[in-house]
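Please look over the model below before reading the points. They cover the domains, the contact between the protein chains, and the DNA.

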2 protein chains.
Amino acid sequence: MSSEALSTRTRILKSAWDLLESGAGKTRMSDIAKAAGISRQAVYLHFPNRAELLIATTRYIDEVKDVDARLAASRSAPSGEARLEAFIAAWGNYIPEIYGVACALMALEDSDPEARLAWDGRMTAVREGCAAAVTALQRDGMLQEGLSPEEATDLLWVQLSVPVWEQLVKTCGWSQARYIELTTQTARRALLPGGR
Amino acid sequence: MSSEALSTRTRILKSAWDLLESGAGKTRMSDIAKAAGISRQAVYLHFPNRAELLIATTRYIDEVKDVDARLAASRSAPSGEARLEAFIAAWGNYIPEIYGVACALMALEDSDPEARLAWDGRMTAVREGCAAAVTALQRDGMLQEGLSPEEATDLLWVQLSVPVWEQLVKTCGWSQARYIELTTQTARRALLPGGR
DNA sequence: GGCTGACTTGACATTGTGTAAAGTTGACAT
DNA sequence: ATGTCAACTTTACACAATGTCAAGTCAGCC
């Protein structure tokens with residue numbers, strides 16, 4: 001746990017992550033600085049503003065949690081159905097890791113266009129994962145008729161959004177496992193043929 | 001359009017509504033005051049703070065748009081399925097009316113516990129509508145097995161949440177009509193028996 | 001005439017972000 | 001040993017937006 005060996009920059013990122021993930025309401029620049037053991041001003045020597053710090057924090061988390069490796073499984077799935085389920089599991093189980101930072105960034109969206117861009121970029125990447133799964137389903141002839149690939153992608157995307165996870169897990173009290181189970185089931189029913 | 005006859009309080013509420021609904025980013029107290037044709041301070045003669053003003057604005061909208069009448073249709077539906085569809089149409093078509101104020105209130109949630117309470121109260125009312133529809137389905141034996149009534153309610157509730165509407169209509173560009181169509185379809189597939 | 005309620009004007013406290021400038025400190029090179 | 005450099009500290013301030021406070025205007029009304 002000794003953060004002695006870590007660079008100041010890394011200590012700032014880690015502090016920001018910890019504080020945001022701890023769910024302790026609002027996290028100010030001064031809180032982060034204090035947690036990192038430096039002055040508030042010193043944070044600005046490493047990050048130009050709050051938005052950049054938050055964005056750098058998501059990148060830091062991606063690195064530590066190795067998001068690429070998590071998503072690789074879904075890319076190598078044999079069938080469209082398997083790909084859909086693997087993607088839901090991969091992204092759905094990643095949401096809790098970034099939830100704190102996601103909240104802070106989403107709260108900033110309105111005011112800071114740069115933060116908006118950064119978060120939108122990440123969400124666009126998720127949408128591309130959804131689109132790839134939908135394309136795989138379509139290739140297998142397993143996409144519901146009456147649903148365009150774009151609409152199917154949008155439906156899956158919204159179901160895998162952070163606010164939906166937040167409401168089901170945080171507000172309704174679902175376990176993470178049940179969230180994955182029912183999200184998978186709902187997505188299958190919404191996208192695959194049959195049903196009614 | 002003459003707002004001459006309206007009381008100052010009503011003019012404030014109407015101005016707040018207009019500005020929030022116009023989607024013009026951040027709406028300050030001074031903006032609202034200017035739109036209402038009074039000084040910023042005068043607003044505080046009618047509402048103690050921003051949060052109370054926003055909450056009062058939602059109540060004003062409810063009154064003008066007669067939300068009770070809209071939801072009445074779903075309550076008198078004969079079957080569970082009809083009730084489900086009527087409720088989705090009623091609430092889903094009400095979301096665009098309150099979207100602007102909803103955004104402002106949701107943005108306040110973190111900082112203002114009172115605003116949080118007020119918004120949560122409204123959302124709880126929506127959840128009760130969802131629960132009533134699910135109960136009606138269950139009574140008809142039309143609730144998917146393996147889904148508890150609570151889980152079914154949560155699924156419907158999250159699908160009818162403002163963020164989901166926002167993403168599909170605002171971000172993805174769905175028409176309101178298509179949103180209602182596909183939300184209805186998805187809810188049927190998620191909640192009713194059969195499917196796979 | 002004088003009171004009252006609604007509103008205005010202007011000043012100020014507060015909170016958090018971000019900028020700016022000057023000083024400290026320790027490591028490292030020569 | 002001395003000088004330099006980077007990292008960091010301290011202090012101060014500008015800024016936006018909310019909210020408070022006090023004094024003043026003005027119309028209507030008893």
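**Notes on the model**

1. Chain A is divided into domain 1 (3-54) and domain 2 (65-195), with bounds that come from an automatic or database domain assignment. The model is predicted: local features need pLDDT of at least 70 and side-chain atom pairs count only at pLDDT 80 or more, while totals for chains, interfaces and linings use all residues. Residues are numbered from 1 along each chain as its sequence is written, and chains are lettered from A and ligands numbered from 1 in the order in which they are written.

2. The C-alpha centres of domain 1 of chain A and domain 2 of chain A lie 29 Å apart. Seven residues of domain 1 of chain A are in contact with eight residues of domain 2 of chain A (contact: C-beta atoms, placed from the backbone, within 7 Å). On the domain 1 side, helix H1 (8-21) and helix H4 (50-65) of chain A are the elements that give two or more residues (helices are DSSP runs of H or I, at least four residues, numbered from the N terminus). H1(A) supplies the largest share of that side, three residues.

3. What classes of residue make up the side of domain 1 of chain A that touches domain 2 of chain A? They divide into four nonpolar, two polar and one charged. Here Ala, Val, Leu, Ile, Met, Phe, Trp, Tyr, Cys and Pro count as nonpolar, Asp, Glu, Lys and Arg as charged, and the others, Gly among them, as polar.

4. Between the chains, 23 residues of chain B are in contact with 23 residues of chain A. On the chain B side, the elements that give two or more residues are helix H8 (149-159), helix H9 (162-171) and helix H10 (176-191) of chain B. This side has ten nonpolar, seven polar and six charged residues.

5. The same surface serves both copies, as 100% of the contact residues of chain B recur in chain A.

6. Of the 14 residues around DNA strand C, Asn49(A), Arg50(A), Thr8(B), Ser39(B) and Ala42(B) come nearest (near: C-beta atom, placed from the backbone, within 6 Å of the strand). Helix H2 (29-36) and helix H3 (40-46) of chain A, together with helix H3 (40-46) of chain B, each supply at least two residues of this surface. H3(B) gives the most, with three residues. By class, the surface near DNA strand C has six nonpolar, six polar and two charged residues.

Methods: Two residues are in contact if their C-beta atoms, placed from the backbone, lie within 7 Å.
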